[in-house]
Amino acid sequence: CFFLNKCIGKRNHRFFYILLFPLTVYFLLMFSFCVIFLLKNPNAIILTKITTFIIATISFLASLPLFFFFAFHSYLIAAGINTYEQIMRTYKDEKNPFDKGCCRNFTVLLFGHQPSCCNTLN
């Protein structure tokens, strides 16, 4: 990944993508439960309300970039490209040889063969 200066390649892209989804859902659920608590308990102690509001704000602010990051990676997977190819517009004028179609790209990522480790000890 160009932004993280880390390799999110064949061996860990599946796990990275699978991590983004529940993390996004977790923060959205936490925000939702805080809002429900605030609406259903108008007579709660002021300290409880302030704490719940702070947690709701933090969880909402954390869920926004995670959601867009998850959506961006979903687009990349659907298009069959990686982040570097997207930034450099590698396949702008030509057909991407790695694109197998939206459904097949997701199937290969989530359920395909997991490459073995490149660093083996002899």
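Thr-52 is found in helix H2 of this predicted model. With a relative accessible area of 10%, Thr-52 is buried, because its value falls under the 20% cut-off. Beyond the residues up to four places away in sequence, Thr-52 touches Cys-34, Phe-37 and Leu-38.

**Packing of H1 and H2**

Two packed helices are described by the angle between their axes and the distance between the axes. Helix H1 spans residues 13-40 and helix H2 spans residues 46-79. Their axes come within 7 Å and cross at roughly 150 degrees. H1 is therefore roughly antiparallel to H2, since angles over 145 degrees count as such. The crossing of the two helices is left-handed. Sorted by class, the contact of H1 with H2 has 22 nonpolar, eight polar and one charged residues.

**Residues of H1 facing other parts of the chain**

Thr-24 lies in helix H1 and is buried, with a relative accessible area of 5%. Apart from residues up to four places away in sequence, Thr-24 touches Ser-63, Leu-66, Phe-67 and Phe-70. Phe-27, with its neighbours within four places in sequence left aside, is in contact with Ser-59, Ala-62, Ser-63 and Leu-66.

**The largest nonpolar core**

In soluble globular proteins, nonpolar side chains tend to be buried together. Here the largest nonpolar core has eight residues in all: Phe-16, Tyr-17, Leu-20, Phe-27, Leu-66, Phe-70, Ile-77 and Leu-109. H1 and H2 are the elements that give two or more residues to this core. The largest share, four residues, comes from H1.

**Buried threonines**

Thr-83 is found in helix H3, residues 83-88. At 10% relative accessibility, Thr-83 counts as buried. Thr-83 and His-73 are 10 residues apart in sequence, and their C-alpha atoms are 8.2 Å apart in space. The table sets out the threonines described in this report.

| Residue | Helix | Relative accessible area |
|---|---|---|
| Thr-24 | H1 | 5% |
| Thr-52 | H2 | 10% |
| Thr-83 | H3 | 10% |

Notes:
Residues numbered from 1 in each chain as written. Predicted model: local features only at pLDDT ≥ 70, side-chain atom pairs only at ≥ 80, totals over all residues. Heavy atoms only, no water. Axes fitted to C-alpha atoms, helices over the stretch in contact; angles between N-to-C directions. Parallel < 35°, antiparallel > 145°, perpendicular 65-115°, else oblique. Left-handed = near helix turned anticlockwise from the far one by under 90°. Nonpolar A, V, L, I, M, F, W, Y, C, P; charged D, E, K, R; others polar. Buried < 20%, exposed > 50% of the residue type's maximum accessible area, 1.4 Å probe, protein only. Contact = heavy atoms within 4.5 Å. Core = buried A, V, L, I, M, F, W, Y, C linked by side-chain atoms within 4.5 Å.
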